[in-house]
Amino acid sequence: MGFSLSHYSCFLYVIVLLPLLCKCQDTFTYSRATYYGSPDCLGTPTGACGFGEYGRNVNGGKVGAVSRLYRNGTGCGACYQVRCKIPNLCTENGMRVVVTDHGEGDQTDFILSPRGFSMLALPNMAADLFAYGVVGIEYRRVPCQYPNSNLLFKVHEYSRFPDYLALVMLYQAGLSDITAVEIWQEDFQEWKGMRKSYGAVWDMANPPKGGVNLRFQVSGRGGGQKWVLLWDLIPADWKPGFSYDSAFQLDD
């Protein structure tokens, strides 16, 4: 993976490190991180999580690909505090990264967007950090924070009305994982599970007609699980590419 000097201009902005919430993993895990090439220093819209353009821009483009943390897509959308360990080059707090893709590097846990990688460095030291290519890091999971956004349910562009419905959740706050999604079948008076298609995408062939009533299961770090019910979430005439506001946000 390379990075041309012309791209360093992407990082000439004021770095503001927001304090991280203490509601996170208690300890850091030691690992390594590298970066991938990007013409605009942001993420990629074709990442394995299925986020599309959201995966390029979320968190100001401070995103990354992971391998073992991907967890067959369950890790998509999770947030981590990552900080590098090179004296005189790295900031004390590092930065917050959102998982948007799957990727494996040279014994790395994170392959970061150029913007994300640059945020590990002290002011005016990004070029020196990029020269390392791969750096030692420590990381821990932290809550995702989207104070101005509710959890959105996007009808994936691959959907075909009315025969095939695929959904992906965006702006998932907190520390919980979404582990199951079900749609209410009015004619059978029962819940029907959606299939985990890939990444963060859940799908169903021949979905129930009419508006979509949905519930999803969240699992926390302590192993507890709960169901969240969202009635009349998606209209009967849903359209591929459209996003629907749940008026709800996860907070744990």
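1. The charged end of Arg215 is placed over the ring of Trp227, 4.2 Å from the ring centre. A charge counts as sitting over a ring if NZ of Lys or CZ of Arg is within 6 Å of the ring centre and within 35 degrees of the ring normal. Lys239 lies over the face of Phe242, with 6.0 Å to the ring centre.

2. The model is predicted: local features need pLDDT of at least 70, side-chain atom pairs count only at pLDDT 80 or more, and totals for chains, interfaces and linings use all residues. Residues are numbered from 1 along each chain as its sequence is written, and side-chain values use heavy atoms, with hydrogens and water left out.

3. The structure contains 14 aromatic pairs (rings of Phe, Tyr and Trp, the last by its six-membered ring, with centres within 6.5 Å; planes under 30 degrees apart are stacked, over 60 edge-to-face, the rest tilted). Tyr80 and Phe110 make an edge-to-face pair, 5.6 Å centre to centre with 70° between the planes. This pair links distant parts of the chain, as Tyr80 is in strand 3 (residues 79–84) and Phe110 in strand 5 (residues 110–112), 30 residues apart. Strands are DSSP runs (E, at least two residues), numbered from the N terminus.

4. Phe110 also pairs edge-to-face with Tyr139, at 5.1 Å centre to centre and 75° between the planes. Tyr139 belongs to strand 6 (residues 135–142) and Phe110 to strand 5, so the pair ties together parts that are 29 residues apart in sequence.

5. Tyr80 is buried, at 4% relative accessible area; Phe110 is buried at 1%, and Tyr139 is buried at 3%. Buried means under 20% relative accessible area (1.4 Å probe, protein chains only).

6. One aromatic cluster is formed by Phe51, Tyr54, Tyr146 and Tyr171.

Conventions: Helices (H or I, at least four residues) and strands (E, at least two) are DSSP runs, numbered from the N terminus. Buried means under 20% relative accessible area, exposed over 50%, partly exposed in between (1.4 Å probe, protein chains only).
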